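Please keep the sequence and the model in view while reading.

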Amino acid sequence: MFWTLPTLMTWTRIVAIPLLVGVFYLPLAEPVRNLIATVMFIVFAATDWLDGFLARKLNQTSAFGAFLDPVADKFLVCASLLVLVHLQRADVFVALIIIGREIAISALREWMAQIGASKSVAVHMIGKVKTTVQMVAIPFLLFNGVLWGVIDTGLWGQWLIWISAVLTVWSMVYYLQKAIPEIRARAK
């Protein structure tokens, strides 16, 4: 299952990261770079939904795909946040919250899987809402302009990324609360 269509789409998200970062080093006008990066992010983020759909539809789900998919998502989000911090469109504190949570929860999930308690930290709706808000905030901040002559994406992106940071902390607390009984049981 290493080279199935869904897994290749997941690999595409990982390969896209240097391309997305590289856009901001091209000798183009800033609005053009912003538009290219925004479109790239949206296309690659959409492959997250599509690869999962195809894996189920084509009966090509695999343990490797289940591992690689969230890794690709986290790489894409973290790289985009670092670009946004570099461009001074996102606060470093927001990036630290989001990236720190991803590291902590990934480590927690790995440990819980090792002790056979991974179901207690399975993906929950709060994590999905957090991801959705991030996936709207990031392209807004990458675009950093006025959309359709009405929507100030920089302003909306700032609000959404901070809301995402709050949801990030909330989801981390939720997962830690779910894990505490197992952690206490193993500490004895």
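Which helix gives the most to the lining of the second largest pocket? That helix is α2, with seven residues. Helices here are DSSP runs of H or I of at least four residues, strands are runs of E of at least two, and both are numbered from the N terminus. The model is predicted, and local features need pLDDT of at least 70, side-chain atom pairs count only at pLDDT 80 or more, and totals for chains, interfaces and linings use all residues. Residues are numbered from 1 along each chain as its sequence is written, and side-chain values use heavy atoms, with hydrogens and water left out.

The second largest pocket has a volume of about 170 Å³. A pocket is found on a 1 Å grid over the protein atoms alone, where a 1.4 Å probe fits, as an open set of points with protein on both sides within 12 Å along at least five of seven lines; its lining residues have an atom within 4 Å of a point. Grid points are joined across faces, edges and corners, and the volume is the space filled by probe spheres set on the points. Of the 14 lining residues, Thr-38, Ile-42, Val-136, Pro-139 and Phe-140 lie nearest the centre. Helices α2 and α5 each supply at least two residues of this lining. By class it has 12 nonpolar, two polar and no charged residues, where Ala, Val, Leu, Ile, Met, Phe, Trp, Tyr, Cys and Pro count as nonpolar, Asp, Glu, Lys and Arg as charged, and the others, Gly among them, as polar.

The largest pocket has a volume of about 1500 Å³. Its lining comprises 44 residues, and Ala-66, Asp-69, Pro-70, Asp-73 and Val-123 lie nearest its centre. Two or more lining residues come from each of α1, α2, α3, α4 and α5, with the largest share, 10 residues, from α3. The lining divides into 18 nonpolar, 14 polar and 12 charged residues.

Asp-73, one of the residues nearest the centre of the largest pocket, lies in helix α3, which spans residues 63–86. Asp-73 counts as buried because its relative accessibility is 16%; buried means under 20% relative accessible area, exposed over 50%, and partly exposed in between, with a 1.4 Å probe and protein chains only. Not counting residues up to four places away in sequence, Asp-73 touches Arg-13 and Asp-48, contact meaning heavy atoms within 4.5 Å. The side chains of Asp-73 and Arg-13 are joined by a polar contact of 2.9 Å (a pair of N or O atoms within 3.5 Å; within protein, one must be able to donate a hydrogen and the other to accept it, and residues adjacent in sequence count only if both atoms are side-chain atoms).

The largest nonpolar core has 34 residues, and Phe-41, Leu-81, Ile-138, Leu-142 and Ile-161 have the most contacts inside it. Such a core is a set of buried Ala, Val, Leu, Ile, Met, Phe, Trp, Tyr and Cys residues joined through side-chain atoms within 4.5 Å. Helices α1 (5–23), α2 (30–57), α3, α4 (92–114), α5 (125–143) and α6 (153–187) each give two or more residues to this core.

Two loop residues remain. Gln-88, in the loop between α3 and α4, has a positive phi near 60° and counts as exposed because its relative accessibility is 73%. Asn-144, in the loop between α5 and β1 (146–147), has a positive phi of about 50° although it is not a glycine.
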